[in-house]
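Me: I have a structure open here and would like to talk it through with you. Could you take my questions as they come?

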Amino acid sequence: MNLIFHRQTLQAAIIAIAIIVGGAPLADEHAPGVSASESLQLLLDGNQRFIDGKMTHPNQMPARRIEIAKGQHPFAAILTCSDSRTAPEVLFDRGLGDIFVVRVAGNVADQVVIESLDYSVTHLGVRLLMILGHRSCGAVTAAVLGHEEPSDVGPMLTELRPAVEATQGKSGDPVENAIRENVELVMTKLSDSPELSSMVKSGDLKVIGGIYDLSTGKIEMLK
Ligand SMILES: [Zn+2]
């Protein structure tokens with residue numbers, strides 16, 4: 001009796017382990033697959049196809065959906081704005097499971113954003129993180145215009161304020177200046193974060209920045 005009980009218990013345990021390993025909870029864990037330089041080239045190639053109107057729409061068919069249902073292995077992570085004109089999968093001509101995306105107005109990085117991106121690096125093996133701002137960003141425009149009314153700022157404008165203050169008085173368009181500064185500040189914030197700094201220092205994670213032009217479709221890479 002005891003022997004049968006133990007055998008049944010053992011079988012149940014083996015089935016439970018198989019479900020856990022084969023299912024969603026652990027299926028995302030994997031070794032890094034695509035290097036930062038390979039990842040950047042994939043993004044740049046896709047953006048060029050998008051600019052030229054020669055998209056191939058990779059990984060958007062039902063077979064891809066089925067292929068990645070048990071686990072995702074994105075080759076890049078992108079933090080960009082919620083603006084409806086800046087969808088990374090479209091700008092980079094990619095499909096399901098290719099890019100781990102975090103979108104928030106003004107592409108700012110609060111703690112939730114940082115931890116989301118950290119997940120893609122730590123658990124999904126992402127080795128390239130792009131901060132993608134865009135020209136004519138409404139959130140940054142609001143931050144620039146609202147800078148003189150500090151009593152009426154919410155969390156988002158608070159996140160954007162350092163970029164506005166850092167560019168105040170500089171020559172050129174104040175909104176465009178703040179957009180660029182914001183991307184650079186977010187790059188620094190993420191690179192220095194407790195979650196990601198060790199990976200950046202060891203060279204296992206590359207953090208890059210870019211500015212997307214709504215008209216041309218081109219992404220200007222920041223150094
Ligand atoms: Zn925006």
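Me: Let's start with a helix: which are the buried residues of α6?
Reply: In this predicted model, the buried residues of α6 are Val113, Ile114, Leu117, Asp118, Ser120 and Val121. Seen down the helix axis they fall within an arc of 155°, so they line one face of α6.

Me: And what covers the buried residues of α6?
Reply: The cover includes the strands β1, β2 and β3, together with the helices α9 and α10, the latter spanning residues 197–202.

Me: How far does α6 reach from its first C-alpha to its last?
Reply: The twelve residues of α6 reach 16 Å, which is close to the 16 Å expected at 1.5 Å a residue.

Me: OK, now α7. Which of its residues are buried?
Reply: Helix α7, residues 138–145, has Ala139, Val140, Ala143 and Val144 as its buried residues. They cover an arc of only 135° around the axis, which puts them on the same side of α7. The buried residues of α7 pack against α8 (155–167) and α9 (174–191).

Me: Which residues touch the most other members of the largest nonpolar core?
Reply: That core has 35 residues, and those touching the most other members are Leu79, Leu117, Leu129, Ile131, Val140 and Leu190. At least two residues each are supplied by β1, β2, α6, β3, α7, α8, α9 and β4, and α9 gives the most, with seven residues. Apart from this core lies another, of 14 residues, among them Ala76, Ile99, Met130 and Leu132.

Me: Staying with Leu129, what is it in contact with, leaving aside its neighbours within four places in sequence?
Reply: With those neighbours left aside, Leu129 is in contact with Ala77, Leu117, Leu190, Leu196, Leu205, Lys206, Val207 and Ile208.

Me: Switching topic: what coordinates the zinc ion?
Reply: The zinc ion is coordinated by SG of Cys81, NE2 of His134 and SG of Cys137, at 2.0 to 2.3 Å. In sequence these donor residues are spaced C-x52-H-x2-C.

Me: Are Cys81 and His134 buried or exposed?
Reply: Cys81 counts as buried because its relative accessibility is 4%, and His134 is likewise buried, with a relative accessible area of 0%; the cut-off for buried is under 20%.

Me: Which loop holds His57, and what is its phi?
Reply: His57 lies in the loop between α3 (36–52) and α4 (62–67), and has a positive phi of about 50° although it is not a glycine. Most residues other than glycine have a negative phi. At 45% relative accessibility, His57 counts as partly exposed.

Me: What about Asp93, where does it lie?
Reply: Asp93 lies in the loop between α5 and β2, and its phi is near 50°, again a positive value in a residue other than glycine. Asp93 counts as buried, at 2% relative accessibility.

Me: Last topic, confidence: where does pLDDT stay under 50?
Reply: It stays under 50 over residues 1–31, for which the model has 21 contacts beyond four places in sequence. Where pLDDT is low, the predicted coordinates should not be read in detail. Over the protein chain the mean pLDDT is 87, and 83% of the residues reach 70 or more.

Conventions:
Residues are numbered from 1 along each chain as its sequence is written. This is a predicted model: local features need pLDDT of at least 70, side-chain atom pairs count only at pLDDT 80 or more; totals for chains, interfaces and linings use all residues. Side-chain values use heavy atoms; hydrogens and water are left out. Buried means under 20% relative accessible area, exposed over 50%, partly exposed in between (1.4 Å probe, protein chains only). Helices (H or I, at least four residues) and strands (E, at least two) are DSSP runs, numbered from the N terminus. The arc is that of the directions from the helix axis to the C-beta atoms. Contact means heavy atoms within 4.5 Å. pLDDT is the predictor's confidence in each residue, from 0 to 100. A nonpolar core is a set of buried Ala, Val, Leu, Ile, Met, Phe, Trp, Tyr and Cys residues joined through side-chain atoms within 4.5 Å. Donors are N, O and S atoms within 2.8 Å of the metal (3.2 Å for Na, K and Ca); water is not among the atoms, so sites may look incomplete. The expected span of a helix is 1.5 Å times one less than its number of residues.
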